[in-house]
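Here are my notes for you, in numbered points. Have the model open while you read.

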Amino acid sequence: MSFQSFDGSKHRINGSLECLSASSKGLSKSLFGVESTSDQRARVERSLKNRKGGDMIKLERDCFLHYAIYIGKDNVVDFVADNGGIVTVRTLCETVGASECAIDNYLDNDCSHYPEKEIVKRALLAIAEEHIYSLGTYNCEHFATWCRYGYKYCHQPCEVAATLGAIANKT
């Protein structure tokens, strides 16, 4: 498949475009041939090779971390800000996009977590519920820690506030 960019140059795309819906960052990497779908799958497989149901998956986005719950069969449940807040099941490929990813059950050393099947059940049951996304009080990390540990926790708000403050001071 090939396409013509805005500057008139022509580009050929090798590989599948199956995972384009993850993010604009993932889309641009795939479109310009930097990472094929098979390369992406291999990268995700290397990063998450020991994954099991109920694990928190951390994705490194440009200015923040995104969290999802691994539910098995290469699927995750995550909470996104779309339309005010939606909990959905998506594939790992779709969710990870071009982001780096890792298993990040970072509170396991400090507190107990639900058994694997219970974490997955909590995540799946949350799909039918109404959620309102709030960057500071209820975001993807709050959702993931609630599924795994039973309470909402996020260690990012100070980092997010600092980043937003730095951006605001530049303008």
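1. How much accessible surface does the protein have, and what share of it belongs to carbon and sulfur atoms? It comes to about 9700 Å², with 53% belonging to carbon and sulfur atoms (areas by the Shrake-Rupley method with a 1.4 Å probe).

2. A quick word on the source: this is a predicted model, where local features need pLDDT of at least 70 and side-chain atom pairs count only at pLDDT 80 or more, while totals for chains, interfaces and linings use all residues. Residues are numbered from 1 along each chain as its sequence is written, and side-chain values use heavy atoms, leaving out hydrogens and water.

3. Now the layout. You'll find six helices and seven strands (DSSP runs: H or I of at least four residues for helices, E of at least two for strands). From the N terminus, the order is β-β-α-α-β-β-β-β-α-β-α-α-α. Of the 171 residues, 40% are buried (under 20% relative accessible area).

4. Have a look at arginine 122, in helix α4 (residues 116–125). Arginine 122 is buried but has no salt bridge (a side-chain nitrogen of Lys or Arg within 4 Å of a carboxyl oxygen of Asp or Glu). The nearest side chain of opposite charge, glutamate 118, is 4.6 Å away. A polar atom of the arginine 122 side chain does lie 3.0 Å from the backbone oxygen of tryptophan 146.

5. Alanine 81 and tyrosine 133 are 52 residues apart in sequence, yet their C-alpha atoms are 5.6 Å apart in space.

Note on methods:
Buried < 20%, exposed > 50% of the residue type's maximum accessible area, 1.4 Å probe, protein only. Lys, Arg positive; Asp, Glu negative; His and termini not counted. Polar contact = N/O pair within 3.5 Å; in protein donor to acceptor, adjacent residues only side chain to side chain.
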